[in-house]
Amino acid sequence: MTDLSAFQHPRFARFYERISAESERRGTAEHRDRTLVGLSGRVIEVGAGNGLNFARYPAAVTEVVAVEPENALRALAESAAASAPVPVTVVAGHGDALPFDDASFDAAVVTLVLCSVPKPGHFLAEVRRVLKPAGQLRFFEHVRSSRKLLGVLQDVITPPWSAIGGGCHLNRDSRAAIEAAGFEIDELDRFSYRPLKFAPSQAHILGRAHKPGPH
């Protein structure tokens, strides 16, 4: 069995469970809907958290395999899977070593997870590996601000924040990471909103990309 001890953040998991409901009300739920619209076939969701995407998958999705390494969040995801409108299987694992064959999924979903993975390039390479040729990647992530002073502030704050925030990095350039991993971006929306009333507005990206097929 994969060793998941490095991915356990029980205090952060409890905190995330409490704040996620407010975040959903402040616009995150709508952005999840936009991320998932039009999906079909067999989908892998990597870094499923507490399963807040599950209720929003469209009926054309035949199966969701949801990978989550953190024990407390995975237990919450399993509860959410029981009432999902599509079949959802929650799996203990992490994105650096996905336990699935090459080209075994029609689409992949990552939402608010690229900020916290240890090696985004390796993580995205694994996601790309398990996707079929021309398979879609759907993403919704918070990213480094394009405003110079705010971006520098995020750089300064990120080390202590990451230490207490489950490995979250406030200053990731996830678009660049997605492209560097070999995906071609088809649609991209960059916007800012305040997912929590006690936090400043954050820059986000939302969109879709695909794994190039053979020529």
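Good morning. The structure is a predicted model, in which local features need pLDDT of at least 70 and side-chain atom pairs count only at pLDDT 80 or more, while totals for chains, interfaces and linings use all residues. Residues are numbered from 1 along each chain as its sequence is written, and side-chain values use heavy atoms, with hydrogens and water left out.

Let me begin with the overall architecture. The protein chain contains 5 helices and 7 strands. Read from the N terminus, their order is α-β-β-α-β-β-α-β-α-α-β-β.

How far does the C-alpha trace span along its principal axes? The spans are about 40 × 40 × 35 Å.

Of the 215 residues, 50% count as buried. Here, buried means under 20% relative accessible area, exposed means over 50%, and partly exposed lies in between, with a 1.4 Å probe and protein chains only. As for contacts, defined as heavy atoms within 4.5 Å, 70% of those between residues at least 6 apart in sequence join residues at least 24 apart.

I turn now to charged side chains. Side chains of opposite charge can pair when their charged atoms come close. A salt bridge is counted when a side-chain nitrogen of Lys or Arg is within 4 Å of a carboxyl oxygen of Asp or Glu. By this rule, the model has 10 salt bridges.

One of them joins aspartate 33 and arginine 56, whose closest N and O atoms are 3.0 Å apart. Aspartate 33 lies in helix H1 (residues 10-36) and arginine 56 in the loop between strand E1 (41-46) and strand E2 (61-68), so this pair ties together parts that are 23 residues apart in sequence. Aspartate 33 is partly exposed at 35% relative accessible area, and arginine 56 is partly exposed at 30%.

Which residues are linked in a network of salt bridges? They are Asp102, Glu126 and Arg129. Aspartate 102 and arginine 129 meet at 2.7 Å, N to O. Aspartate 102 sits in the loop between strand E3 (88-92) and strand E4 (105-111), and arginine 129 in helix H3 (residues 120-130), so the pair connects parts that are 27 residues apart in sequence. Arginine 129 also meets glutamate 126, at 2.8 Å from N to O. Those two are 3 residues apart in helix H3, which means a separation of about one helical turn.

Finally, consider glutamate 70, found in the loop between E2 and helix H2 (71-81). Is this residue buried or exposed? Glutamate 70 is buried, with a relative accessible area of 5%. Leaving aside residues up to four places away in sequence, glutamate 70 touches Phe7, Gln8, His9, Pro10 and Ala13. Its C-alpha atom is separated by 28 Å from that of lysine 211, which is 141 residues away along the chain.

Thank you for your attention.

Conventions. Helix = DSSP H or I, 4+ residues; strand = E, 2+ residues; numbered from the N terminus.
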